[in-house]
Amino acid sequence: MRRQREGETPASPAEREPKDGSGSGDLVARGLAEAERRIGARGGRLTRWRREVLRVILEASGPIGAYGVLEALRGEHPALTPPTVYRALDFLMAHGLVHRISHLAAFVPCHRGEEEAHRAQFLICRGCGRTIELDLPDLAALLERRAASEGFAIEAMTVEAEGLCAECRLSAGRDG
Ligand SMILES: [Zn+2]
Ligand SMILES: [Zn+2]
């Protein structure tokens, strides 16, 4: 198994140039402090593994899969097992701190700073892999109303739209 060196960026799909500085130390420290505060306010605890898993997701330069998280932590913590990582990911998702993007089977931090888990919508760039989280409560409400009219109760909803981001569209235009 490949060893993760300290400071090395995780394996793909996150193995890319940071696009917006989301991997910078300040943002990571702030993200962890905010998570601690939010979970603490609800009587929960950001245990060691939850904190480590969140740190790796905050440090990643793009969406990172569960296996990528495990790889990133195994260098320091050889005994870490997949179930521990999955449990931590479930906890972080339930608290609205990370989102899972099914399309990529990968996780991203939530930057909306809400108090609860929420319906998320993502634009996913097929060129560079960057994701942009949107805040469209009307869209979520519309889907919920239509589902209810079918007698359907939605339990989880993440809307994912794939395409090209502004930068990738620019460079595609230059190449062709
Ligand atoms: Zn979010
Ligand atoms: Zn792009």
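Visitor: What percentage of the 176 residues of the protein count as buried?
Guide: This is a predicted model. A residue is counted as buried if 20 or more other C-beta atoms lie within 10 Å of its own. Of the 176 residues of the protein, the share that passes this test is 27%.

Visitor: What distance does H5 reach from its first C-alpha to its last?
Guide: At 1.5 Å a residue, a span of 18 Å is expected for the 13 residues of H5. The helix comes close to that expectation, and its reach is 18 Å.

Visitor: Which residue with a positive phi follows H5?
Guide: The phi of this residue is near 75°. The residue that follows H5 is Gly151.

Visitor: Are helices H2 and H4 roughly parallel or roughly perpendicular?
Guide: Two packed helices are described by the angle between their axes and the distance between the axes. The axes of H2 (residues 48-59) and H4 (residues 82-94) come within 9 Å and cross at roughly 80°. Angles of 65 to 115 degrees count as roughly perpendicular, which means that H2 and H4 are roughly perpendicular.

Visitor: How many residues of the contact of H2 with H4 are nonpolar?
Guide: From H2, the contact includes Trp49, Arg50, Val53 and Leu54, while H4 contributes Thr84, Val85, Ala88, Leu89, Phe91 and Leu92. Among these residues, 1 is polar and 1 is charged, and the number that are nonpolar is 8.

Technical notes
Residues numbered from 1 in each chain as written. Chains lettered and ligands numbered in written order. Predicted model: local features only at pLDDT ≥ 70, side-chain atom pairs only at ≥ 80, totals over all residues. Axes fitted to C-alpha atoms, helices over the stretch in contact; angles between N-to-C directions. Helix = DSSP H or I, 4+ residues; strand = E, 2+ residues; numbered from the N terminus. Parallel < 35°, antiparallel > 145°, perpendicular 65-115°, else oblique. Contact = placed C-beta atoms within 7 Å. Nonpolar A, V, L, I, M, F, W, Y, C, P; charged D, E, K, R; others polar. Expected span 1.5 Å × (residues − 1). Buried ≥ 20, exposed ≤ 12 C-beta atoms within 10 Å, placed from the backbone.
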